[in-house]
Amino acid sequence: MRNYRAAMVEPISLPSRERREAVLEEAGYNAFNVASEDVYVDLLTDSGTGTMSRDQWAALMRGDESYAGSRSFGRLEEAVADVMGFPNVVPCHQGRGAENVLYGCLVGEGDVVLNNAHFDTTRAHVANLGGDPVDCPVEGARDPNAPGDFKGNFSLDRARETVAEAGAENVPVVVLTITNNSAAGQPVSVANTREVADFARGIDATFVIDACRFAENAEFVRRREAEFTGDTVAEIAREQLSYADALVMSGKKEGLANVGGFAAVAEEPEGEAADRLFERAKQRGILYEGFPTYGGMAGRDMEAMAVGLREAVEPPYPEARLDQVAAFGDLLADAGLPVYRPVGGHAVYLDAGELFPNVAPDEFPGQTLVRELYREGGVRCVELGSFAFPGADRPELVRLALPRRTYAREHLEHVADAGAAVLDRREAVRGLEIVSEPPVPELRHFSAELRPVE
Ligand code: F0G
């Protein structure tokens, strides 16, 4: 059940069909080029787009904007220790800042980094440091129809194979991303987390959890992993994170804030500063993010995140969150759309390859669906198939991410109605071709321009 009501409203409107056609053309059929005022329901991302609570807004007023020794940093530190169990916090402007700070201390030229699946900024940071990012998804993770409670898990078999090839001494970091954003927001079990921790210890690697969506993951564990029936989300989250040596966190997700993030390091043995990860991360933080008591955030942002972290594990929030995403999946499936199953934590993913068998992969079925949902209903979402990942062997998925505590069921019904209208005329739908693209292929979906195939 929802435990909140709206206390502030933001006007949105559905542009006319004519306007939507014009917007698409002007935007080069790329949703990233569309102005937000031309969007009716914005499902591009769950990152920084959620609604803050009354207590978060109140906390903003307490912001201590001191450069050094800010009280607001103290409150963030306390929240991270209480909610996540990590005493050493390096504040950063957002998740990718934390990635730069932490991985920059751990990864060098020629190193291999293992991850259940690298998110795109994680992959780019590892590559930028000269490392080789290797994904270790479990069987079925990329199959929209495979059953499984924890399709986000890390495959130890795949990891062992990679270590056998690369040599354990060349694998300094093992990362577990919870939930697994690149595998349709699927959760990771605590049992798998323990195995990955043991594996990392066995090869003397640092075990990092990317905890962006740690509370959604804990709610899945509460529902699906027998050992934890009867435990609270707060207890499960602490248990799962306790196995990591370090965390990277985007506060824009389950910090329930509009901006912010941090890296965190577990208790470390006393020793030389140069040997201590926390000290090294702090120094790198100063260079790239800011002094260690603000790290690129305003004091008020740290206050909002400190409150948000606590709210993220408090019932009934995590339960209501997963229920809304699941209900959205059911609405879309009832409309006849091919939904990735089971539905993940922060988004519903649609299989555009199945929806448009008549659109060839090089005419981008996923991006075609993005175009059609906007054309039909002013709905914005993101392609994660052959347009975003050129050359990768993966399904033509489109992600409809739900901002937290933001949209009502009517909005979601509107999206399902738009989807049903697209389905009705799918035979006549043609694909897209690229007109111009940036030099870096990994970043092409952010700025490439397209046109309809003649
Ligand atoms: N790690 C994961 C798993 C993420 O999903 C993201 C961001 C980041 C790191 C980087 O965090 O955006 O604060 O710098 N994901 C967003 C998304 C952008 O839409 O999935 P950030």
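This is a predicted model: local features need pLDDT of at least 70, side-chain atom pairs count only at pLDDT 80 or more; totals for chains, interfaces and linings use all residues.
Residues are numbered from 1 along each chain as its sequence is written, and side-chain values use heavy atoms, with hydrogens and water left out. Local features need a pLDDT of at least 70 and side-chain atom pairs count only at pLDDT 80 or more, while totals for chains, interfaces and linings use all residues.

**View 1. Helix α12 (residues 317-334) packs against helix α15 (residues 409-424).** Helices are DSSP runs of H or I with at least four residues, numbered from the N terminus. The two axes come within 9 Å and cross at roughly 30°; axes are lines fitted to C-alpha atoms over the stretch in contact, and angles run from 0 to 180 degrees between N-to-C directions. The crossing angle makes α12 roughly parallel to α15, a term for angles under 35 degrees. Gln324, Ala327, Phe328, Leu331 and Leu332 of α12 make the contact with Arg409, Leu412, Glu413, Val415 and Ala416 of α15, where contact means heavy atoms within 4.5 Å. By class, this contact has seven nonpolar, one polar and two charged residues. Nonpolar covers Ala, Val, Leu, Ile, Met, Phe, Trp, Tyr, Cys and Pro, charged covers Asp, Glu, Lys and Arg, and polar covers the others, Gly among them.

**View 2. Helix α14 (residues 365-377) also packs with α15.** Their axes are 9 Å apart, at an angle of about 115°. That makes α14 roughly perpendicular to α15, the term for angles of 65 to 115 degrees. On the α14 side are Leu369, Glu372, Leu373, Glu376 and Gly377, which meet His414, Ala418, Gly419, Ala421 and Val422 in α15. The residues of this contact divide into five nonpolar, three polar and two charged.

**View 3. Glutamate 311 lies in helix α11 (residues 299-312).** Glutamate 311 counts as buried because its relative accessibility is 15%; buried means under 20% relative accessible area, with a 1.4 Å probe and protein chains only. A polar contact of 2.6 Å joins its side chain to that of serine 53. Such a contact is a pair of N or O atoms within 3.5 Å; within protein, one must be able to donate a hydrogen and the other to accept it, and residues adjacent in sequence count only if both atoms are side-chain atoms. Not counting residues up to four places away in sequence, glutamate 311 touches Ser53, Asp55, Gln56, Leu256, Tyr317 and Arg405.

**View 4. Leucine 287 sits in helix α10 (residues 277-288).** Leucine 287 is exposed, with a relative accessible area of 66%, exposed being over 50%. Leucine 287 and valine 101 are 186 residues apart in sequence, and 9.0 Å apart in space from C-alpha to C-alpha.

Definitions and conventions. Helices (H or I, at least four residues) and strands (E, at least two) are DSSP runs, numbered from the N terminus. Angles under 35 degrees count as roughly parallel, over 145 as roughly antiparallel, 65 to 115 as roughly perpendicular and the rest as oblique.
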